Amino acid sequence: MKMRLFIPFVICILMTTGLAGTVWGGAPADKAFSANQFSTSSFDQLQRLDQIASSLYEAAFANNRQAGYQYVQQLQHVIASELKNASGQPEGWLVIGQDAAAIEKTLLNSQTGSGWLMEAARIRLASDALVRPEHALWLQYEKVMLDDLTRVEKAWKRQTNDGAVAARAAMRSLEEHAGRIRPALTLLYGSKYEAETGERIRYTNLLLEASANNRTNDAAVDRSIMSLKEAVMRLFEQSGRADSMPAIAVVPTSNPLSWTLFMGALISAILTYSGWRKYKANPFGVKPIQ
């Protein structure tokens, strides 16, 4: 009986000691882990950036110049904070800053129309990519850009003599969409990430322009369009790589090990108390009848 009382008591002591070690002794390890994560204050700033970018895009879509100027001022203030040192690639923040400066210049020049909608959309996609990288809006452009390429192929293969001219015109939509997601890609992965796609677009345009002037052959254009399509597909296939996703999660506040040790110590304490009560009620155990 004493052994049944002693074993849970020892287990309770050991688990209580381990629990104390994880709560107090494990603090430096928790701090080291938190240093690799997105701090709570930086995450709040990122959420604010996303809200401002969304409001700026809505103002640009409605051509609300007064609200747009207010939001772009707030955006530049957030960009100038320590947020750019906490997450994202430096080249991406530079591109966003350039777009914000372009919007400010457009609004200050009192130009009519909504000529700042493109920059506002780029900023909106970039901020969204930081907040929710695995489900970002820019990922939806895969189908859009592949549809653009389908139109390019159809225009190039048309039976008339203006196939190269038509294909070159269709390429402008692909260029626009590629340019729209460029800040998001650069902010997440750096400027080299979308370099292949940009180079393929440039080379395909050169071949189409040359073909319009009868200075190239059809096979070269066919190969270039096919390579461009493969580059676009790789662009989105690689977007889900775990090693390239930025760490923007809020610092975790729970500790599973502490909860495990706590529950173990509690159960051991209950078993110890139950065994002690039985021992006090019958310290000598059950004696066999003579």
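User: Where are Tyr57 and Phe61?
Analyst: Both are in helix H3 (residues 40–61), four residues apart, about one turn of the helix. Helices here are DSSP runs (H or I, at least four residues), numbered from the N terminus. This is a predicted model, where local features need pLDDT of at least 70, side-chain atom pairs count only at pLDDT 80 or more, and totals for chains, interfaces and linings use all residues. Residues are numbered from 1 along each chain as its sequence is written, and side-chain values use heavy atoms, with hydrogens and water left out.

User: What kind of aromatic pair do Tyr57 and Phe61 form?
Analyst: A tilted one, 6.4 Å centre to centre with 35° between the planes. Rings of Phe, Tyr and Trp (its six-membered ring) pair if their centres lie within 6.5 Å; planes under 30 degrees apart are stacked, over 60 edge-to-face, the rest tilted.

User: Is Phe61 buried or exposed?
Analyst: Exposed, with a relative accessible area of 64%. Tyr57 is partly exposed, at 31%. The cut-offs are under 20% for buried, over 50% for exposed and in between for partly exposed (1.4 Å probe, protein chains only).

User: New topic. Which residues of H4 are buried?
Analyst: Ala67, Gly68, Val72, Leu75, Val78 and Ile79. They lie on the same side of H4, because they cover an arc of only 130° around the axis. That arc is taken from the directions from the helix axis to the C-beta atoms.

User: Which exposed residues are on the face turned away?
Analyst: Gln66 and His77 are carried there.

Note on methods
Helix = DSSP H or I, 4+ residues; strand = E, 2+ residues; numbered from the N terminus.
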